[in-house]
Amino acid sequence: EGTTARDMLKTQKRLPAEECYTIIRQISEALAYASKNGLVHRDVKPENIMVTPQGVAKLCDLGLAKQESNEDASLTQSGQAVGTPHYISPEQARGEKDVDIRSDIYALGASLYHLLTGQTAFEGSTAAFIMARHLTDEAKGVCELNPEAPEVWGAIVSKMMAKDPADRYQTPEVLIVDLDAAHNDQPVAALAFRGKTSCMLPRRGAKSSVAAPTSPISRQSLSPPSNASPA
């Protein structure tokens, strides 16, 4: 019982950062669990994120999921793209068969972009054109589309949606550290990433890592950082 994150966008222009945190943090935990079991979802998107009336977010629809160690001859042949164009990772768009959890992190980043801004990162007249834009284009900055979004969230989205998997968060657990840090107004590792979809963040040095906060998930007010620039 509940609704999808996509349906939530139909009733709201976009979701506040606090609500995005609550949803994306829980889906990151789902990806962490999937990764521990060698599973890649390959179709993370707002339509596949269900939220119960109690605020519990669940990752649904494993129709395209695969075990990292197993090849599905019907879906993972080299050169065949698998996923949803608006949220597909560059490596999935290229039809690479050996995608890993970092591809799901990209798709989750594209979903977070949509939730924060009310727009998908890339638009186009055909699915092929949209997928091509994931390969070559940079999305508009989160804060350019939503001036109310805390700048640190633009940095997190930018790192999640890096074109090169090596530049993204390498595991959901590392992503969770930054999500919690942003929620608790603590230093965020993503500030050191020089992606172009950040909220026009100054390109200066920043701490490369932060300690995991001990406070649990909550729906308490999420205030924008008092100083968004890295120290």
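The protein averages a pLDDT of 80, and 75% of the residues score at least 70; pLDDT is the predictor's confidence in each residue, from 0 to 100. This is a predicted model, in which local features need pLDDT of at least 70 and side-chain atom pairs count only at pLDDT 80 or more, while totals for chains, interfaces and linings use all residues. Residues are numbered from 1 along each chain as its sequence is written, and side-chain values use heavy atoms, with hydrogens and water left out.

Confidence by region, then. Helices, of at least four residues (H or I), and strands, of at least two (E), are DSSP runs numbered from the N terminus. Over residues 200–231 pLDDT stays under 50, and the model has 66 contacts there beyond four places in sequence. A contact means heavy atoms within 4.5 Å.

Next, the core. The largest nonpolar core has 49 residues, and Leu 108, Trp 153 and Ile 156 have the most contacts inside it. Such a core is a set of buried Ala, Val, Leu, Ile, Met, Phe, Trp, Tyr and Cys residues joined through side-chain atoms within 4.5 Å. Buried is under 20% relative accessible area, exposed is over 50%, and partly exposed is in between, with a 1.4 Å probe and protein chains only. H4 gives the most to this core, ten residues. Beyond its neighbours within four places in sequence, Leu 108 is in contact with residues including Ile 24, Val 44, Met 160 and Leu 175.

Now Ser 89, in the loop between E5 and helix H3 (90–93). Ser 89 is buried, at 0% relative accessibility. Its side chain joins that of Ser 103 in a polar contact of 2.6 Å. A polar contact is a pair of N or O atoms within 3.5 Å; within protein, one must be able to donate a hydrogen and the other to accept it, and residues adjacent in sequence count only if both atoms are side-chain atoms.

Last, charges. The structure holds eight salt bridges, each a side-chain nitrogen of Lys or Arg within 4 Å of a carboxyl oxygen of Asp or Glu. In one of them Arg 25 pairs with Glu 29, the closest N and O atoms being 2.2 Å apart. Both lie in helix H2, four residues apart, about one turn of the helix. Arg 25 is buried at 11% relative accessibility, whereas Glu 29 is partly exposed at 38%. Salt bridges that share partners join Arg 25, Glu 29 and Asp 180 into one network.
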